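Have a look at the model, then try each task before reading on.

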Amino acid sequence: MSPIADVAEVSVTRPPLSADEIDAAAKRISDIIEPTPLQFSPRLSASTGAQVYLKREDLTAVRSYKLRGAYNLMVQLTGAERAAGVVAASAGNHAQGVAFACRTMGVQGRIYVPTTTPKQKRDRIRVHGGEFVELIAVGETYDAAAAAAADDVARTGATMVPPFDDPRTAAGQGTIAAEFLEQLGTAPDLVVVPVGGGGCLAGIGTYLRERAPHTGLLGVEPAGAASMTAALVARGPVTLPEIDPFVDGAAVRRIGDLPYQAAASFGGRVISHASLPLLTATESPGGAASFRMMQVDEGAICTAMLDLYQNEGIIAEPAGALATAALAEIDIEPGATVVVLVSGGNNDVSRYGEIIERSLVHRGLKHYFLVDFPQEPGALRRFLDDVLGPDDDITLFEYVKRNNRETGAALVGIELGATDDLASLLHRIEESPIQAERLEPGSPAYRYLT
């Protein structure tokens with residue numbers, strides 16, 4: 001993919017989604033969903049030079065914005081559709097919204113999730129749905145769960161509740177924009193939205209284009225599951241051959257047709273480097289502010305999660321921190337007003353070990369080496385004395401296998417005191433008589449051994 005790809009010339013059929021329908025959705029859900037806070041962030045404002053506000057969708061009853069779309073769709077079902085029961089597929093958050101709606105409305109539902117869905121999310125689905133919901137885990141990705149759900153509907157005649165590829169779902173999710181425009185009292189300069197299946201982007205983008213056309217829109221995907229980016233570059237939805245499921249709330253192999261149509265109709269650009277500044281309204285065709293898509297590394301998302309927890313006390317899941325992670329990689333005009341969506345807070349605490357690890361690797365503080373230690377007294381001591389710096393620490397030491405009687409390969413994880421310490425560490429390794437090979441992140445050996 002080229003660093004910059006224009007998508008403004010894509011010819012699309014305008015999706016059946018409008019600001020009026022989003023306003024109607026806001027009225028439908030108002031009795032069951034309270035407005036979420038729009039909080040000013042002193043830390044992110046200081047680091048970006050902008051006025052940054054966090055839209056706290058992690059504080060809904062199901063800890064994500066997905067309840068908005070699920071409830072808006074289900075409340076519009078006919079009596080016959082409700083009687084047939086509903087079926088949904090989800091990585092976890094949409095499932096909680098559907099489960100909540102099922103119990104609230106007294107509708108029976110079956111919900112399919114991937115086997116990789118964190119236990120915390122599965123437990124919460126059962127709590128929200130109670131006796132009205134059956135939870136079924138199948139496959140390793142959302143797409144596998146979606147296929148199983150579609151088969152269920154074909155066999156049973158139940159009613160599908162799509163997580164993103166339906167105008168009723170997208171309209172419900174678009175109510176976020178109506179809400180923060182009222183809370184802010186004016187149109188922001190930029191809104192940053194995480195993108196998984198694309199329903200939230202479609203809803204918020206549609207509302208802004210009609211109600212606040214000079215507001216810029218930035219969609220952010222995890223680098224390991226960039227299905228919207230792939231669709232915009234290919235000028236149509238494509239199925240990714242593989243995805244990284246770590247950002248489970250945004251790990252979708254194929255973007256929805258409706259979200260793609262909406263995003264393509266916005267015009268704009270796909271960008272892949274941080275130095276490209278965001279366009280202002282006067283620089284964009286027709287006076288409308290820019291729309292752009294970008295990707296963020298999973299390690300940067302983990303760093304953003306930890307920063308939100310340690311500074312603001314916000315427990316964000318990986319997809320929930322996706323939009324805030326992008327702020328460190330873009331140029332924003334000083335003083336601009338920016339709204340950033342914290343989309344979900346359903347994070348399993350058992351994942352924090354992996355989150356810390358990915359963050360350290362991304363920041364250049366954690367490195368792995370295969371070291372051949374001679375099987376003789378003092379070999380490890382020499383490595384510690386001659387190779388490690390005063391602020392370096394061994395966090396992992398594990399023999400991989402014994403090659404022969406004299407040498408044994410060990411996997412050694414080293415955490416540095418500072419990112420700049422790597423060059424001196426590599427120099428000391430090169431000068432040492434002990435043989436060591438650095439494992440590059442993303443390489444087959446790295447993935448297999450770590």
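A salt bridge here is a side-chain nitrogen of Lys or Arg within 4 Å of a carboxyl oxygen of Asp or Glu. The model is predicted, so local features need pLDDT of at least 70 and side-chain atom pairs count only at pLDDT 80 or more, while totals for chains, interfaces and linings use all residues. Residues are numbered from 1 along each chain as its sequence is written, and side-chain values use heavy atoms, leaving out hydrogens and water.

**Exercise 1.** Find how many salt bridges the structure holds, and which residues are linked with Lys 55 in a network of them.

*Solution.* The count comes to 22 salt bridges.

**Exercise 2.** Work out where Arg 110 and Asp 152 sit, and whether each is buried or partly exposed.

*Solution.* Start with the contact: the two side chains form a salt bridge at 2.8 Å, N to O. Finally, check accessibility: buried means under 20% relative accessible area, exposed over 50%, and partly exposed in between (1.4 Å probe, protein chains only). Asp 152 has 2%, so it's buried, whereas Arg 110 is partly exposed at 23%.

**Exercise 3.** Do likewise for Lys 366 and Glu 357.

*Solution.* Their side chains meet in a salt bridge at 2.6 Å, N to O. Lys 366 is buried at 8% relative accessible area, and Glu 357 is partly exposed at 21%.
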